[in-house]
Amino acid sequence: MLKIALVDDNTDFLLLLRKKVHTFFDGRNVLCEVRLFPNPEVFYFDLEEGFHYDICYLDIEMPQMNGLDLAKKIRASAQATYLVFITSYLQYAVEGYEVKAFSYIPKNLLEEKLEATLLGIFGEMQEKNEKYYFVETNSRFERIEYKEIIYVYKNNKNAVFVLKDREVPVRKTLQEVFLQLDSEEFICIERGYIVNIEHIIKLENKEITLRNGKKFQVGRTHIREVKETIHGYWRDRM
């Protein structure tokens with residue numbers, strides 16, 4: 001189920017936007033939860049508590065907080081979230097590039113522009129549908145792009161995802177995670193580690209080096225499989 005946040009200090013506009021977003025996704029049989037935030041500070045507290053959203057629609061100029069500041073807060077922990085600015089102030093477009101905004105929609109052109117933006121987001125999501133790992137707990141829901149995952153390691157009863165900017169623990173065994181990833185991009189290099197082949201830059205003797213500089217020894221019983229898998233993976237992409 002998609003998690004969508006709408007942040008705007010105009011309640012009437014929020015209600016209209018929610019109706020249109022629901023109409024779009026309901027028409028495509030996609031379940032979504034749309035949360036309204038007329039007070040951006042409440043949304044900020046949500047982010048502080050670890051809540052993640054797949055799509056965020058943000059007004060830029062609000063009395064309590066600037067929408068660009070909210071976008072930077074989102075980007076600090078969620079690179080895959082789609083950010084859409086719905087605003088009357090397009091002079092902020094340059095700042096929007098810094099937070100990788102998907103689109104700007106002028107409020108007076110909502111009818112004309114919203115569906116095109118949603119179609120663009122929906123199309124990208126469909127293309128990436130096989131490339132996400134879903135993390136869900138009682139307090140949060142997050143989609144992690146496969147390309148963000150550098151490696152996964154075992155820590156007591158958790159499998160810990162090491163991403164480019166943070167670590168995400170999941171209360172699962174490493175074997176469960178490996179089966180759920182179900183992708184040729186990931187390989188077990190020994191009992192305690194799963195590595196994303198995309199992040200391997202060198203395999204020498206029994207040691208692999210990752211893009212982030214981390215080095216791991218490949219287990220004796222895994223070395224042949226690791227070599228063959230890496231060679232096959234990159235040969236198919238040359």
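Begin by selecting Glu-48, which is partly exposed, with a relative accessible area of 45%; buried means under 20% relative accessible area, exposed over 50%, and partly exposed in between (1.4 Å probe, protein chains only). This is a predicted model, in which local features need pLDDT of at least 70 and side-chain atom pairs count only at pLDDT 80 or more, while totals for chains, interfaces and linings use all residues. Residues are numbered from 1 along each chain as its sequence is written, and side-chain values use heavy atoms, with hydrogens and water left out.

**Helix H2**

Glu-48 belongs to helix H2; helices (H or I, at least four residues) and strands (E, at least two) are DSSP runs, numbered from the N terminus. Now select the whole helix, residues 40–48, and highlight its buried residues: Pro-40, Phe-43, Asp-46 and Leu-47. They cover an arc of only 105° around the axis, which puts them on the same side of H2; the arc is that of the directions from the helix axis to the C-beta atoms. Among the elements covering these buried residues are strands E1 (2–7), E2 (32–37) and E3 (55–58), together with helix H3 (67–77).

Next, show both ends of H2. Asn-39 caps the N-terminal end, with a side-chain oxygen 2.9 Å from the backbone nitrogen of Glu-41. Just after the helix, Gly-50 takes a positive phi of about 95°.

**H2 beside H3**

The axes of H2 and H3 come within 10 Å and cross at roughly 10°, which makes H2 roughly parallel to H3 (angles under 35 degrees count as roughly parallel, over 145 as roughly antiparallel, 65 to 115 as roughly perpendicular and the rest as oblique). On H2 the contact is made by Pro-40, Phe-43, Tyr-44, Leu-47 and Glu-48, and on H3 by Leu-70, Lys-73 and Ile-74; contact means heavy atoms within 4.5 Å. Glu-48 and Ile-74 are 26 residues apart in sequence and 9.7 Å apart in space, C-alpha to C-alpha.

**Ser-183**

Move to Ser-183, in the loop between helix H6 (174–181) and strand E11 (186–190). Ser-183 is buried, with a relative accessible area of 18%. Leaving aside neighbours within four places in sequence, Ser-183 is in contact with Lys-131 and Tyr-146.

**Val-195**

Finish at Val-195 in strand E12 (residues 193–196). Val-195 is buried, with a relative accessible area of 0%. Not counting residues up to four places away in sequence, the residues that Val-195 touches include Ile-150, Tyr-151, Phe-186 and Leu-210. For a view across the model, select Leu-14 as well: the C-alpha atoms of Val-195 and Leu-14 are separated by 43 Å.

Terms used:
Polar contact = N/O pair within 3.5 Å; in protein donor to acceptor, adjacent residues only side chain to side chain. Axes fitted to C-alpha atoms, helices over the stretch in contact; angles between N-to-C directions.
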